[in-house]
Amino acid sequence: MIAVKKITVALAGNPNSGKTTIFNNLTGARQHVGNYPGVTIEKKEGSCSYRGAEIQVVDLPGTYSLTAFSPEEVVARRFLVEEAPDAVVAVLDAANLERNLYLAMQLLELEVPLILDCNMMDLVTGRGDRLDLRRLSAKLGIPVVATVGNQRQGMEELREAVASSNGVEGRKQLSPRYSEDVEASLAALEQEIQNAAPRSRFPARWTAIKLLENDPAANEEWRGTSVAEFAEQERAMLEQARGEPAEIVLAAERYALIGTICADCYWPAASPQRSRSDVIDAVVTHRALGLPIFLAAMFAVFWATFNVGAQPSEWIEVGVAWLGGAVSGWWPAGSESSLKSLLVDGIIGGVGNVIVFLPNILILFFAIAMLEDSGYMPRAAFIMDRIMHKIGLHGKSFIPLLLGFGCTVPAIMATRTLESRRDRLTAILVAPLMSCGARLPIYSLILPAFFPQVWQAPLLWGIYVLGIVLAVVMAKLLRLTLFKGEPAPFVMELPPYRIPSLRDGLLHTWERSRLYLKKAGTIIVGISILLWALTNFPKPPAGAETGGSSELAYSYAGRAGHLMEPVLAPMGFDWKIGTALVGAFAAKEVFVAQMGIVYAVGEGEEAEAPLREQLRNTYPPLVGFCIVLFCLIGTPCMTTLAVTRREGGEWRWALLQFGGLTVLAYVVTAMAYQMGKLYFG
């Protein structure tokens, strides 16, 4: 039997370098998402086969540097050293070669077996620039491959380079060398490290560089040792001689070396033409047109979410009803079996009503993926910068908030990119006001139940815009009270526009929908069973009035709901809506599941009607609108609170977020309901 050669390759690169597209090209559907051990940073892995070799591909977090100022940078460099991949592919935006080579230079310092992927070569040739890949390869002593990721060009050459990699042994890979004074400090510090007891698996020269440039993780690792004291002395001498902080000196040294390399292999066009991105940006980021275009793009997404997803949702709804009927047929007509109720009302009724809205989720995630892949999302942040600055934040804060349209948890984690703690905490606290994908099943249930189709997309668009407006108002309030101070200056890279990759968009959509279905099949199943039990037990005593509504009112959920009803009444909610809102604290989609269970258990034979129809027959449209309004603003789910506590560092921020948003939701919803009653009668 022939042994299969196994190769582990790590992909590293700057944000917007096309790294994710390269990862998708290499792995296709053979990929999965998890977390790195001990941290919540997303870990993407996949595999592919090439000429008898099984290649395991790890997509490292996107980063501009390996200096450990963020958890992503720590994770990336720990993986490179502790997991010792057979090859590291540095994916570069070839049109911004000098800036992108900075990370590659640090990877060379780390002494990992490196392959350079000059991606987006079409942009280089399109503007008349020339890049000599052979000279670049000779200068760096590593393989260099040209690719155009969104057109799948150069992938065969990249696989060949990976399959041919045999580690650093025998390679003449460049070991970056700097000015004499820097090298003298590094040599002395390296010797001190080698004389000390081994403390890590990092190369001695790399460790010396990190200590000299005051790297936080390296300082922590060597804290309290003679090496740390020696590094501090060398750093002080270098800073005194250069008149700048050591980290600035090292960065300048790297860029000086990069400039020398680029001067010998990259030649810009003599008369650079105005790029396609510049032409588009003249309109898309226009001072007057930018915001309307952004709002129009959002409206188009929400129109598609409802109108394109309506028919597939109906098909799934019919399928869920058929399945419930088929399972009911296992028992005689009129049977009151608890097992039948658990299967039909609890599991199928609860989970089925959540899965019905999968098409809407798919369309929303696909649309967001297309906007991200096209390069439009950073423009949205640029457009919003003027507004964000007025509330004491900057445009960069809008990127994490935009991620909140998918899920609040990664949105909160993305605030790590903000340099100011005030900015981070402000963005964390208001992030739940951006409507996450988990709220979409609620909107998809309520809006079609109470409003004609022509109004559904505008209402959904209005709900999302209202969330943004409330986030802006609350952020301004926080910056005027708890987090006073000047906002940081806005600096952001605007990547070139690209034609979105349909394949990448579908892969992204599949991955997110798979996680949604996994959640429906695990968390929501468990909660649905619990909620079914609470709505079915205890049973009324013998001789008491029986019937679906009476038994439901006597249950634990019914009793709790009736206790809450006086508090909920100003918002127009009854006890049934109240119990569903309590369940939504575990996961927002559970609101839909609980309403399905309540009406399946409590309405007897009428429960065979679709849930939307039952809601329409029970509540006026004003109550439906208030449900949407409260779910938009209030009560972040428990996972959001846990992440807020971890990222904020203290429970008080999570409690402030929970209490503040819940009170805000109650006040706004009660005002809307009372004003609506006065107006509509």
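Visitor: How many residues does helix α3 have, and what does it reach from its first C-alpha to its last?
Guide: Helix α3 (residues 97-109) has 13 residues and reaches 18 Å between those two atoms, close to the 18 Å expected at 1.5 Å a residue. The expected span is 1.5 Å times one less than the number of residues in the helix. Helices (H or I, at least four residues) and strands (E, at least two) are DSSP runs, numbered from the N terminus.

Visitor: What kind of model is this?
Guide: This is a predicted model, in which local features need pLDDT of at least 70 and side-chain atom pairs count only at pLDDT 80 or more, while totals for chains, interfaces and linings use all residues. Residues are numbered from 1 along each chain as its sequence is written, and side-chain values use heavy atoms, with hydrogens and water left out.

Visitor: Back to α3. Where is its kink centred?
Guide: On Leu-103, with a kink of about 25 degrees. The bend at a residue is the angle between axes fitted to the seven residues ending there and the seven starting there.

Visitor: Is α3 mostly covered or mostly uncovered?
Guide: Mostly covered, as 11 of its 13 residues are buried. Buried means under 20% relative accessible area, exposed over 50%, and partly exposed in between (1.4 Å probe, protein chains only). The buried residues of α3 include Leu-97, Asn-100, Tyr-102, Gln-106 and Glu-109. Leu-103, where the kink is centred, is also one of the buried residues.

Visitor: And which residue with a positive phi follows α3?
Guide: Glu-111, with phi near 65 degrees.

Visitor: OK, what about Ala-84: what is its phi, and where is it?
Guide: Ala-84 has a positive phi of about 45 degrees, although it is not a glycine. Ala-84 sits in the loop between α2 (71-83) and β5 (87-93). Its relative accessibility is 45%, so Ala-84 counts as partly exposed.

Visitor: Since α6 came up, at what angle do α1 and α6 cross?
Guide: The axes of α1 (residues 19-27) and α6 (residues 155-163) cross at roughly 80 degrees and come within 11 Å. That makes α1 roughly perpendicular to α6. Angles under 35 degrees count as roughly parallel, over 145 as roughly antiparallel, 65 to 115 as roughly perpendicular and the rest as oblique. Axes are lines fitted to C-alpha atoms, for helices over the stretch in contact, and angles run from 0 to 180 degrees between N-to-C directions.

Visitor: Which residues make the contact?
Guide: Ile-22, Asn-25 and Leu-26 of α1, with Met-155, Leu-158 and Arg-159 of α6. Contact means heavy atoms within 4.5 Å.

Visitor: New topic, Ser-435. Buried or exposed?
Guide: Ser-435 is at 1% relative accessibility, so it counts as buried. Ser-435 is in the loop between α20 (421-430) and α21 (440-450).

Visitor: What does its side chain make a polar contact with?
Guide: The side chain of Tyr-443, at 2.8 Å. A polar contact is a pair of N or O atoms within 3.5 Å; within protein, one must be able to donate a hydrogen and the other to accept it, and residues adjacent in sequence count only if both atoms are side-chain atoms. Leaving aside neighbours within four places in sequence, Ser-435 is in contact with residues including Gly-404, Phe-405, Ile-463 and Leu-632.

Visitor: And Phe-294: which helix, and what is it in contact with?
Guide: Phe-294 lies in α13 (residues 290-307) and is buried, with a relative accessible area of 5%. Leaving aside neighbours within four places in sequence, Phe-294 is in contact with Tyr-376, Ala-380, Met-384, Phe-398 and Leu-402. Its C-alpha is separated by 8.2 Å from that of Ile-383, 89 residues apart along the chain.

Visitor: How many helices and strands does the chain have?
Guide: The chain has 32 helices and 9 strands. Of its 681 residues, 53% count as buried.
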